[in-house]
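Hi,

Here is the structure I promised to pass on to you. Have a look at it first, and then read on for my notes.

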Amino acid sequence: MREVAFACAVLGCMLTLGGRPLPCAAAEAATDPTAFEQLLQRLSERRHGHVAFTEVQQLSILDQPLHSSGELLYDAPDRLEKRTLEPRAEDLLLENGMLTVERGHRRRSVALQDFPQAAPFIESLRATLAGDRAALERYFTVHFSGNIDQWTLELTPVDPLLRRSVRRIRISGEHDRIRTVEIHQSDGDNSTLTIGADIPP
Amino acid sequence: MSRAVVAGTIWLLCAGIAAVIVVHAHYSTDLSAFLPRRATATQRLLVEQLHAGPAAHLVIAAISGGDAAARAAVSGYMTQRLRTNPSFIAIDDGDEAQLQRDRAFLFEHRYLLSARVTPERFTAGGLHEGITEGLDVLASPAGPLVKPLFLRDPTLETLAIIESLDASHAPHTTAGVWSSPDGARALILAHTRASGGDIDGQQAALAALRAGFAAARAVLAPAQRTALSLTLSGPPVFAVASRATIRSQVWRLSSISAACIATLLLAVYRSLPVLAMTLVPVASGALAGVAAVALGFPAVHGLTLGFGVTLIGESVDYAIYFFIQRAHDFRRAVWPTLRLGVLTSVCGFAVLLPSAITGLAQLGLYSIAGLIAAALVTRFVLPAWVPRNAKVRDLWAPGEALERLAGRMQRGRGVLVGVALLAAALLYLHRDPLFSRELASLSPISAADMQLDERLRADSGAPDVRYLVVVSAADRESALAAAGALSARLTPLIDAGVLGGFASPSQFLPARETQESRRASLPTAETLRIRLAQALIGLPLTAARLAPFVQDVERTRTAALLSEADLQGTSLGRAFDALLVRSPPGWSALLPLSARSSGDLSPQAVEAVRSAVASVAVRAELLDLKGEADRLYATYLRDAVRLACCGLIAIVALLAIALRSARRVLRVMAPLLLSVLTIAALLVALGHALTILHVIGMLLIVAVGSNYALFFDRAARQPGEGSVPLILASLVTANLATVIAFGVLGFSSVPVLADLGSTVAPGTLLALLFAAMLADRPAPSAQA
């Protein structure tokens with residue numbers, strides 16, 4: 001189950017890869033039932049993202065929260081990278097179904113399929129980025145609230161086994177831009193990842 | 001006493017002595033026959049590794065067919081059943097329980113296993129630094145993995161140990177057990193207790209695996225049962241298979257050759273007693289050959305007996321010449337030429353004697369002893385034994401037909417210039433690579449089995465170990481200590497990005513001295529609490545939270561040191577056993593290295609490792625297994641070519657002395673060289689890279705073919721001695737026997753035997769053909 005938590009944490013972060021700021025012309029009002037569709041449509045149009053992030057983790061074993069920061073990169077359809085720069089450089093890359101962690105000169109790769117319980121999570125989170133609703137709803141109960149200007153997506157794992165490690169993922173944003181991702185773990189620990197400015201190429 | 005009685009008595013005495021030697025000889029069928037006898041220290045290490053190194057014990061069992069759940073069930077059942085089987089040091093299928101046991105061991109003993117445990121590490125400053133690092137990891141994506149351990153292991157020694165283990169090549173997992181990357185095959189890795197030489201032990205282990213599979217499969221529903229199949233590969237499988245192959249092939253090929261040649265001779269002689277007499281020199285030769293090898297070597301290799309089939313092909317010729325070329329003037333008319341022929345053959349085989357390859361040296365000795373014995377029996381025993389009234393079918397008429405044919409062919413001898421030019425052109429076109437450069441080309445394992453092995457190895461993520469540091473010491477403890485000292489020098493190379501990783505037995509069980517000094521680095525609970533309070537200033541947790549850490553340190557500080565018994569039941573124990581081996585006169589620790597990215601080490605990395613090895617005061621050496629093996633083979637090949645050239649020169653010198661005419665030597669040698677050239681061209685044109693065995697085969701073409709050319713030479717020079725039709729008839733019969741013997745060998749599934757057969761069989765045929773075409777015009781009396 002630790003692997004699942006690991007994969008969720010990894011991919012929760014990745015999910016927050018923001019896209020381009022929405023063009024002004026697209027800022028029309030949206031009604032609730034179609035807003036979710038609209039959001040997914042917008043997300044799917046995104047081909048590339050490169051943003052800064054900060055993350056705060058509340059762990060029950062510690063007295064104070066842990067802070068980290070770095071950059072997130074996304075290239076459609078399935079290349080995701082999290083570069084933690086502070087407090088300690090670490091690079092995490094998901095590409096072609098392989099998860100690679102690099103710290104200093106040490107590099108370790110694992111195949112997603114070696115974690116059969118984590119694989120659906122990762123696939124579904126990747127699907128969110130690609131705007132694939134069917135894949136998303138296969139693994140999560142999805143609750144959408146708000147409108148395209150200001151929205152919140154709550155994902156609850158369908159599989160009770162998975163729910164034992166991750167209770168809920170809450171993603172919020174505006175237009176096709178993700179602002180925060182909160183991961184609530186079943187042991188009470190949680191983390192909040194906040195997306196900062198776009199990093200120009 | 002009559003001559004027959006004297007000859008018979010001496011023969012019987014010799015045969016009796018030889019038989020006693022043969023019965024008491026040692027026979028071996030292991031794979032080392034084609035590895036060097038005399039070698040440098042590095043090469044000896046290499047051979048030792050190929051023979052008994054960690055890889056030599058590994059069997060990869062693949063279960064395919066059916067569905068993933070069925071494969072995993074069978075794999076689990078098999079592994080569980082066989083774990084208690086004494087045939088295996090270890091057997092694993094990557095199940096979760098095994099992984100848990102390994103992790104539990106590393107976690108439990110982290111303060112004795114981690115190289116970072118020093119007195120400085122447990123000062124307030126050292127703890128502050130260590131815990132800060134631990135918190136950094138906790139904040140990273142790997143955080144959820146270390147969170148459950150953090151309060152007991154805040155400096156993350158467990159993680160450091162796991163990272164130092166070179167586990168990047170672990171197999172994939174499907175349905176909870178190891179599998180190929182595509183999940184289609186479940187994999188079990190079994191390490192047999194029996195090593196290289198103990199083929200019976202390895203065979204028992206393989207049988208246990210098959211029985212385990214059958215029993216596990218029986219538990220499934222009938223529909224699934226038939227869908228599943230088991231494939232085994234690895235050095236023990238090769239060793240067992242190659243012994244079985246060599247045994248069955250030696251027996252089968254000898255029987256087929258003998259039966260074919262007997263049929264041929266019966267058809268020619270039309271006389272059973274004569275056929276029986278023909279076999280006397282052959283059998284005597286074989287007996288003498290085995291006896292000579294038994295005396296000259298510690299053990300007779302099975303392959304030598306396989307090659308020995310070739311002896312039938314040549315020694316049977318002597319009796320053929322004896323019976324067909326009018327037995328009554330054999331001593332005067334046939335024997336001088338035959339004697340020269342035997343001597344040239346002996347020259348050819350003699351060059352094999354100094355070969356560094358045991359198999360070839362044995363073949364040389366076997367053949368020399370065998371040929372001399374067969375020739376002596378033909379010369380001294382047959383004439384005494386053959387009754388005056390023994391009748392061989394008169395071959396005059398077919399001989400005359402052959403003579404007319406030879407005459408017609410001689411008119412077309414101009415064609416041979418074209419043949420020579422064409423062959424030379426073909427060889428030139430295929431000049432690179434003319435020779436195979438890999439030691440594997442000498443292996444008695446078939447290409448299909450090699451491919452299967454490569455596939456399963458790739459599946460299991462266990463590529464061939466190419467680089468290995470071998471540390472030697474007088475005893476186990478010193479070998480472990482030396483390995484530990486060397487590991488300390490190699491670790492910085494990983495951090496510097498020069499090396500991908502390495503394994504060392506000291507990672508699983510450090511030397512006692514090392515453990516003692518680590519244990520002595522641990523402060524008492526009271527001191528640790530005081531230091532922690534200081535160390536945690538400015539960090540997001542209080543010392544009270546780390547009580548489990550203090551407890552664990554105190555437990556290790558007061559507990560006994562680790563011993564090999566603690567490794568029992570973990571897969572680390574298996575790795576340890578494989579990496580720390582007895583190698584007389586002492587012990588060796590093996591440290592396999594892996595490159596940073598998949599593939600080979602860069603020259604700079606090799607240099608860096610060499611200087612790291614040199615900087616430690618231990619006896620250690622970096623081995624490049626593949627490079628060393630290929631270098632070894634290149635040496636063999638050079639040797640073989642040089643030896644073959646020496647043999648050729650010796651044969652020419654012998655002919656020059658015997659024939660006393662440059663022109664006659666040229667007449668005799670021309671068809672032989674042309675035949676060798678043509679065969680080499682045919683082989684490369686058919687896509688073969690030439691191996692040492694092809695080179696040896698070419699030498700045999702010259703050795704055997706020289707008999708034919710010498711008889712043609714005699715027929716032309718001394719027309720009064722013997723009749724040309726009968727000589728021709730005997731040559732064709734003798735050649736057919738040789739072609740049968742080597743041709744049968746050519747169909748062998750053992751590559752080394754097949755290479756030799758497919759060179760010599762067509763080569764001797766061409767040698768006879770070319771010798772007939774290039775023979776001097778028969779003297780006038782024969783033409784009449």
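Predicted model: local features only at pLDDT ≥ 70, side-chain atom pairs only at ≥ 80, totals over all residues.

Chain B as a whole

Chain B holds 31 helices and 13 strands. It has 784 residues, and 50% of them count as buried. If you take the contacts in chain B between residues at least 6 apart in sequence, 82% join residues at least 24 apart.

The cores

The largest nonpolar core is made up of 134 residues. The residues with the most contacts inside this core are B:Ile696, B:Met698, B:Leu699, B:Ile701, B:Val702 and B:Ala771. Helix 28 of chain B (residues 692-717) gives the most to the core, namely 17 residues.

What does B:Val702 touch, leaving aside its neighbours within four places in sequence? Its contacts are B:Gly348, B:Leu648, B:Ile651, B:Leu672 and B:Val676.

A helix pair

Helix 28 of chain B packs against helix 29 (residues 724-746) of chain B at an angle of about 175°, and their axes are 10 Å apart. Angles over 145 degrees count as roughly antiparallel, so helix 28 of chain B is roughly antiparallel to helix 29 of chain B. On the helix 28 side, the contact is made by B:Val704, B:Tyr708, B:Phe711 and B:Ala715. Helix 29 of chain B brings B:Val724, B:Ile727, B:Leu731, B:Asn735 and B:Thr738. Sorted by class, this contact has 7 nonpolar, 2 polar and no charged residues.

One serine

B:Ser571 sits in helix 24 (residues 571-579) of chain B. Is B:Ser571 buried or partly exposed? A residue needs 20 or more other C-beta atoms within 10 Å to be buried; B:Ser571 has 19, so it is partly exposed. B:Ser571 touches B:Ala90, B:Asp92, B:Gln98 and B:Asp102, not counting residues up to four places away in sequence. B:Ser571 and B:Ala90 are 481 residues apart in sequence, yet 7.2 Å apart in space, C-alpha to C-alpha.

Strands in chain A

In chain A, strand 1 (residues 48-58) pairs with strand 2 (residues 66-75) in the antiparallel sense over 10 bridges. A:Gln57 has A:Leu66 of strand 2 as its bridge partner. Strand 1 of chain A also runs antiparallel to strand 11 (residues 190-198) of chain A, with 7 bridges joining them. There, A:Thr54 is partnered by A:Thr194 of strand 11.

Best wishes

Technical notes. Residues numbered from 1 in each chain as written. Chains lettered and ligands numbered in written order. Helix = DSSP H or I, 4+ residues; strand = E, 2+ residues; numbered from the N terminus. Buried ≥ 20, exposed ≤ 12 C-beta atoms within 10 Å, placed from the backbone. Contact = placed C-beta atoms within 7 Å. Pairing = 2+ DSSP bridges. Core = buried A, V, L, I, M, F, W, Y, C linked by C-beta atoms within 7 Å. Axes fitted to C-alpha atoms, helices over the stretch in contact; angles between N-to-C directions. Parallel < 35°, antiparallel > 145°, perpendicular 65-115°, else oblique. Nonpolar A, V, L, I, M, F, W, Y, C, P; charged D, E, K, R; others polar.
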